Amino acid sequence: MIIDVDSHWEVNSFAAGEHRFGPWLDRLPDGIGRLANGIAGDLLRALPGSERPSPQEMLTGLVARASKQGGPVILHPQHDSTSAERAAWMDRIGIDHCLVNPGSYWQMLEFIGADRPAGVRRCNDFLTEQLADHAERLHAVAVVDFTDLDAAVLELERARARGARAFFLYTVDGRPPGGRSPGHPEWDKVWTATVRLGMIAVVHVGNTSTDFADWADIGWNQPGGAGAAGLVRLANTQRTHAAQNLLVALLYGGVFARHPDVTVLVAEMRVNWVPPF
């Protein structure tokens, strides 16, 4: 059996009133701002406001490409898909099942503050609705707010009932979600539910925000500095550290001993760090 473990689901446009972040659109950055946040949001937050490059400065190469080719500033080619089209593509290349990530839009949850749990539900509703016609093969990866662990379990149950088979495990600027290590016994209710529901915890590169603190200040805009290109590259040097922190929390917190059937998937994090780790 072949399983695609890192497929993404993006949508380019919405009908009126159907946007997953509809109630909070006025709180979100614009298109290129969202892209800059997705690539380097944790690093940018660690810089003083006066030292932060604009999204246009940060993504000069993508801006230049968009200007040359026409169209929006994007990292990956845009494509509106349907569950039927995705399933047909899987048939053509021999994929049996597919874990479908919510795409980069889920990162906008950090901009809606105390409304994050409501945003989580809207994101999960949207993705599971998109995949419903082929849910036996297209398995949604849910997003969960871990500030309230009891509420997190309820959302896991709700998302699973709608077809999700996995969920994102993430860091918040290098810290554990909700301010408590996922290796702590208080998290056992989450791991018990994970096993009972047959779900997988996914550590994805987009989930591993880091605390750059003073490390972000490399003088990118000073004479002789590395420029914005240096910042872009710096932003992606710490992703594996956050993944390692999540894994050692589960290992040395005893999660795998107490819940031996917990499954963690590490996606798009490369593998060169695994042997020395």
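This is a predicted model: local features need pLDDT of at least 70, side-chain atom pairs count only at pLDDT 80 or more; totals for chains, interfaces and linings use all residues.
Let's start with the strands. Six of them make up an open sheet, and their order is β1-β2-β3-β4-β5-β6. The pairing is parallel. At the edges sit β1 (3-8) and β6, each pairing on one side only. On average, neighbouring strands here are turned by 30° against each other, direction ignored.

Zooming in on one pair, β1 joins strand β2 (residues 97-101) in the parallel sense, over four bridges. As background, strands of a sheet pair through backbone hydrogen bonds, either parallel or antiparallel.

## A helix across the strands

Helix α5 (residues 116-131) lies across β2 and β3 (138-142). Relative to β3, helix α5 runs at about 175°.

His259 is in the loop between α10 (255-258) and β6. With a relative accessible area of 11%, His259 counts as buried, because the cut-off for buried is under 20%.

What does His259 touch, leaving aside its neighbours within four places in sequence? Its contacts are Asp188, Trp191 and Thr192.

Trp191, one of the contacts of His259, is 80 residues from Val271 along the chain. The C-alpha atoms of Val271 and Trp191 are separated by 25 Å.

How values were computed: Residues are numbered from 1 along each chain as its sequence is written. Side-chain values use heavy atoms; hydrogens and water are left out. Two strands pair if DSSP finds at least two bridges between them. Helices (H or I, at least four residues) and strands (E, at least two) are DSSP runs, numbered from the N terminus. Axes are lines fitted to C-alpha atoms, for helices over the stretch in contact, and angles run from 0 to 180 degrees between N-to-C directions. Contact means heavy atoms within 4.5 Å. Buried means under 20% relative accessible area, exposed over 50%, partly exposed in between (1.4 Å probe, protein chains only).
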